Amino acid sequence: MTDVVRTGFRPSRVAIYGLLLLAALVYLIPLFIMLVTSFKTPMDIRTGNLMALPTDWTTIGWTKAWSEACTGVQCEGISGYFWNSFKMTVPAVLISTLLGAFNGYVLSKWKFKGSDLFFGMLLFGCFVPFQVVLLPMAATLGQLGLANTTSGLVLVHVIYGVAFTTLFFRNYYVAIPDALIKAARLDGAGFFTIFFRILLPMSTPIFMVSLIWQFTQIWNDFLFGVVFASGDSQPITVALNNLVNTSTGVKEYNVDMAAAMIAALPTLVVYIVAGKYFIRGLTAGSVKG
Amino acid sequence: MSQLELRSIRKTYPGVAEETLKGIDIDIASGEFLILVGPSGCGKSTLMNTIAGLETITDGSIVLDGKDISTMEPKDRDIAMVFQSYALYPTMSVRENIAFGLKIRGLPKHEIDQEVERVADLLQISQLLNKKPANLSGGQQQRVAMGRALARRPRIYLFDEPLSNLDAKLRVEMRTEIKKLHQRLKTTIVYVTHDQIEAMTLADRIAVLKDGELQQLGTPKEVYDRPENLFVAGFMGSPAMSFVPVTVEQREGGLQAEVRGNDGRAVKLPVPEFLADRVGKKVILGIRPEHITQPQDQKNDQTLVAKGEFTIEVTEPTGPDVIALIQLNDTNVHCRIDPEHPVTWGETAELMFDMKKVVFFDPETEKRIAPH
């Protein structure tokens, strides 16, 4: 720790903090508008200022979005799709993260002939655009009997996620000394014991990174959701789109905004809960502890 | 307590042209403390890893108590290892670290607890049992690493440069501790180091390796006093042995070899009779610092002792001695002088050569010329 010498008031400091404050405001304005609009009445929205606070606060937008709003022909709100998204995201995140951890373990600690080449090729998976795989994936899911199901979506997201999660874990495990594995082998631990008893307990930071990354990716995905799911199994991103685009009568901005907030909330919560690990995990290994 | 035989161990890494181990033969007696020593890249760590089973051997066999274990998995060999980096499991407490191997082997809980207590007492780490490795000092981590090895009561202990991450003072302390531990437990230990002082002080026998070949296997005294070749002679001892090219001459009164200081003054050194068949030939005189001292009166009448005056080029006081540098036949030579007999650099001093323990090497083969 170095002691910072305080020099008191300085114009350059003021300028820097002023700019930072301004930038923060610019980023917060859309969120602010969404939030206040979601609590306004339709009347208020039409007559009032975009930036103004609601004249009378109401949660009608939120309840309507949750359980009454029309997404296409049905008018049951987005609650069902919200749970669809959970049913898709939670298994997909956990499975892809565990697979990535396992891949990373093998690719860093049990190298086989050509394992580096294998890893290099796996990394291509990070760069394949979603659109490229739509048709072949649709055919595959059809043949597996998983078309238009949540399980099918889980499978797609796991396959797409494994490239990233493997990259995370492999690079994390590479920094862990091999002597640890050797010591465990001499202690009598086998392949799986070493993974579950030695390496996994050390993986919390990178586990959180993988969790946040995968949760955000999968929860926010629209393309796979709209292509590979239909009707009751659609995720919330698709439902949100349908809700906003369903035009019967007057546009209810408060409902749209509330629905969008609901759709965005889980990723926000995940980041707030696990965020400190995210920063730590990204820099883990850069400094030897 | 177990006996280990290494029979012509060969190891070639895939894609590497040169063999890493070129047929190593060592028999390690039960309860013996064997040290593998050599410069980095000599294959000593590879040899140790093959004993542990962490690396396979290309040819030869490893026999433990009469049983060939060459192809066994590490966990089936009943061998424990202490690593240079300690390799403690960071998420486990000291207690769990020590108990891990016992748990895996399915020992009942009360036996594990008993064993952990025993080891903790032995190494005086009882008060650390509930701490995590990250909260321990280097010396404490070192003890825990040894505790983990001791807990299983394996047949052989392997130490892979266990002291090289400690600071100088702690290293000397732990060295003594390891020696005490070995004397008490009478375990068979194979210990790798590149530090020749560690090798000299700890070993029952030393195996000196270079380029995957065994150069010499013997007690510390054998290796120090009668090194097989120039490499071993130069590697063991600090400051190192000096090598002076000399020609053997026949004079009245015996064989002699002439050395010339940098001021041109020559001194005839008496050399032993076994060099008789080398008269007129060049040999390399291997002389250790302690063989050249200030004049000592009690040695005046002894055979194979000579005196001469030389210019001191550098003096390095170490406390108990002063290491002085002189030139003999254009080679730097270290002398060990009693600090009570001050010598000054740049001035001449009378020095005494005790030729009884010097060694001679053949300049062609670099092997020691043995007395017949």
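Q: How much helix and how much strand is there over residues 14-36 of chain A?
A: Helices (H or I, at least four residues) and strands (E, at least two) are DSSP runs, numbered from the N terminus. In this predicted model, residues 14-36 of chain A are 100% helix and 0% strand, with the end C-alpha atoms 30 Å apart. The span 118-139 of chain A is 77% helix and 0% strand, and its end C-alpha atoms lie 26 Å apart. An unreviewed UniProt entry lists both spans under "transmembrane region", among others in chain A. UniProt positions follow the numbering used here, feature names are shortened, and annotations may be inferred rather than shown by experiment.

Q: On what conventions does the model rest?
A: Residues are numbered from 1 along each chain as its sequence is written, and chains are lettered from A and ligands numbered from 1 in the order in which they are written. As the model is predicted, local features need pLDDT of at least 70 and side-chain atom pairs count only at pLDDT 80 or more, while totals for chains, interfaces and linings use all residues.

Q: What confidence does the predictor give?
A: The complex receives an ipTM of 0.83 and a pTM of 0.82. For single residues one reads pLDDT, the predictor's confidence in each residue, from 0 to 100. Chain B has a mean pLDDT of 92, and 99% of its residues reach 70 or more.

Q: At what angle do the axes of helix 4 and helix 7 of chain A cross?
A: Axes are lines fitted to C-alpha atoms, for helices over the stretch in contact, and angles run from 0 to 180 degrees between N-to-C directions. Helix 4 (residues 79-109) and helix 7 (residues 150-174) of chain A have axes that come within 6 Å and cross at roughly 35 degrees.

Q: How many residues does each chain bring to the contact between chain A and chain B?
A: Two residues are in contact if their C-beta atoms, placed from the backbone, lie within 7 Å. Chain A supplies 14 residues and chain B 17 residues. On the side of chain A, helix 8 (178-186) and helix 9 (191-199) are the elements that give two or more residues. Helix 8 of chain A gives the most, with six residues.

Q: Is Pro342(B) buried or exposed?
A: A residue is buried if 20 or more other C-beta atoms, placed from the backbone, lie within 10 Å of its own, exposed if 12 or fewer, and partly exposed in between. Pro342(B) counts as exposed because it has 12 C-beta neighbours inside 10 Å. This residue is found in the loop between strand 19 (331-337) and strand 20 (348-354) of chain B. Of the 372 residues in chain B, 39% are buried.

Q: Which backbone features of Asn148(A), Asp78(B) and Pro239(B) deserve attention?
A: Most residues other than glycine have a negative phi, and most peptide bonds are trans. Asn148(A), not a glycine, has a positive phi of about 60 degrees; Asn148(A) lies in the loop between helix 6 (130-144) and helix 7 of chain A. Asp78(B) also has a positive phi of about 60 degrees, and its place is in the loop between strand 5 (67-68) and strand 6 (79-82) of chain B. The peptide bond from Ser238(B) to Pro239(B) is cis, with omega near -5 degrees.
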